[in-house]
Amino acid sequence: MRFNLSRPLHVLNTLATWLRVMRHSSGRRHPFSSCVLFCFALVALVLTLCPPTRAQDFDTVLDIKQWLAQTEHQGTITPGTVITTQNWQQYKEFMPPGMQQMFAGSLYWKIPADARITVDPTTPTPVSKYYIQATEQFGNQTKVVHKANGHYALSNYIAGAPFPNPEEPDKGYKFLADNWFAYIPNLYVNTPENAAKFCVEDRYSNINCTLLDFVYRQEGYETDPGVPRDLPEGPNMFYTEYNEVLAPEQSRYTAQLTLFYKDYENWQDSYVFVPALRRSLRLSTAARCSPTAGSDLIQDDAKANGMNGGLALFQAKYLGHRKVLAFNKRFPAMRVGILGDFPGAYLAPTMWPKPEWSHFQLRDAEIIDVRRVPSEAAGYCYGARIMFMDPSSYYHVWTELYDSNLKLWKLLLPILRVDDLPIIGTTITNEGAFLLWDVQNAHFTLATSDGGVGRGAVFNQNAPAEFHDYRRFGTPGGLMQILR
């Protein structure tokens, strides 16, 4: 650490002058005033010599550091290559550390012997042209703000990707902001006719599934045509998430609403409707580590494009650029209901996709280490979230989660679809599936927008009229309309 001595010497000279003045003016009436001032001088000197450390100045996880060193000089993979449990080491440089460990069999969850990964040609990820236009128009004016309390924020953000070409300083946080504001449709809906499904498997191969309604709405910074940039009914809101249990019957009508504010300093508000009580309860802001729909996804995991914890409370360190194997979002089988065919379409017990639809691509990935800012880290469940992000869409393609002691905890493979949206056309969306392996507790979670009926989510104008009601599905008062 380098010290700037000019400032502490100035502080000492100033305080020495104060001491002489106080000693001359106080005489014998205040014998301890000099002592008090001397103590303040010492405190000022310490604070000046040891300025606050920048929040992003932390050392990343050892496994990740070693992997980055080992993969510094990568080759390529020929399209059509089939990766198996017998030949995987030839291609391990393109596998994130956790995926390597699954193939090596060193974790509780192991890649099954009959698994196959077919490597398809890499194709561009389409993103809404309206989102791209907003990025080109507004992207260069956004700035990172460092708050006095150690929090982060953005200034001058309007719409689109806030940082089209992230650079230092704060490069990692800029990628995190791009992920937070990655394109999603204005309205995303799963109805009882095309329900979402969450399934959990334990170490004894017991499987429990839940069917749910989902209503996700972006109220602020909108780019989709035909809707206002900022919803007049929710001028302070950025985003809302609503889900309601459809089955099993004993949990039916249980619902949760989460509110995400434009003001980054406002923690997310979560409300749960409890059918037995016929009323809703507001959850503690500390409940971000609580499970989502009884799964191993926590509240801060449950966002298709990446992290769901907000921008104020998190820092992110940029780790580097690599090519990694990522699921092929445009593989045709993704459109025929295969994601919700559980467990039939998966290889038990690890539930890796069966060979007929286990198609990946070699994609560019920007890698960031995301952590709570030091002032908010105490008691938080994760010590590090390592995100591998596709820079063309800012969606993550693989995530590794570490506990507070930086021990590997969970591995997350997103399998997301490309959809044709009204007016917008072909674009990446927040529809598809999460495969999450909890390697410490021997749990597996499938979260998918395809409930097994062969249809996924519907978007924007295609959503049934009743789901466009913001007050019903975007405000706490709307929860009280359940069971009426």
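This is a predicted model: local features need pLDDT of at least 70, side-chain atom pairs count only at pLDDT 80 or more; totals for chains, interfaces and linings use all residues.
Local features were taken where pLDDT is at least 70 and side-chain atom pairs at pLDDT 80 or more, while totals for chains, interfaces and linings use all residues. Residues are numbered from 1 along each chain as its sequence is written, and side-chain values use heavy atoms, with hydrogens and water left out.

Helices and strands are DSSP runs, numbered from the N terminus; a helix (H or I) has at least four residues and a strand (E) at least two. Two packed helices are described by the angle between their axes and the distance between the axes. Helix H3 spans residues 62–70, and helix H4 spans residues 97–104. Their axes lie 10 Å apart, at an angle of about 90°. Axes are lines fitted to C-alpha atoms, for helices over the stretch in contact, and angles run from 0 to 180 degrees between N-to-C directions. H3 and H4 are therefore roughly perpendicular. That word covers angles of 65 to 115 degrees; under 35 is roughly parallel, over 145 roughly antiparallel, and the rest oblique.

H3 brings Asp63, Ile64 and Trp67 to the contact (heavy atoms within 4.5 Å). H4 brings Pro97, Gln100 and Gln101. Three of the contact residues are nonpolar, two are polar and one is charged. Here Ala, Val, Leu, Ile, Met, Phe, Trp, Tyr, Cys and Pro count as nonpolar, Asp, Glu, Lys and Arg as charged, and the others, Gly among them, as polar.

H4 is largely enclosed by the rest of the structure, because six of its eight residues are buried. Buried means under 20% relative accessible area, exposed over 50%, and partly exposed in between (1.4 Å probe, protein chains only). The buried residues of H4 are Pro97, Gly98, Met99, Gln100, Met102 and Phe103. Glycine 105 follows H4 and has a positive phi, near 80°.

Side chains of opposite charge can pair when their charged atoms come close. The structure holds 14 salt bridges (a side-chain nitrogen of Lys or Arg within 4 Å of a carboxyl oxygen of Asp or Glu). One of them joins lysine 147 to glutamate 265, with the closest N and O atoms 3.7 Å apart. Lysine 147 sits in the loop between strands E3 and E4, and glutamate 265 in the loop between strands E9 and E10, so the pair ties together parts 118 residues apart in sequence. Lysine 147 is partly exposed at 32%. Glutamate 265 is partly exposed at 24%.

Lysine 323 and aspartate 364 form another salt bridge, at 2.8 Å from N to O. Lysine 323 is in strand E12 and aspartate 364 in strand E15, 41 residues apart. Lysine 323 is partly exposed, at 32% relative accessibility. Aspartate 364 is partly exposed, with a relative accessible area of 32%.

Arginine 417 pairs with glutamate 431 in a salt bridge, the closest N and O atoms being 2.9 Å apart. Arginine 417 lies in strand E18 and glutamate 431 in strand E19, so this pair ties together parts 14 residues apart in sequence. Arginine 417 is buried at 5%, and glutamate 431 is buried at 2%. Salt bridges that share partners join Arg417, Glu431 and Asp450 into one network.

Histidine 396 belongs to strand E17 (residues 396–403). Histidine 396 is buried, with a relative accessible area of 4%. Beyond four places away in sequence, histidine 396 touches several residues, including Asn179, Lys303, Met387 and Phe434.
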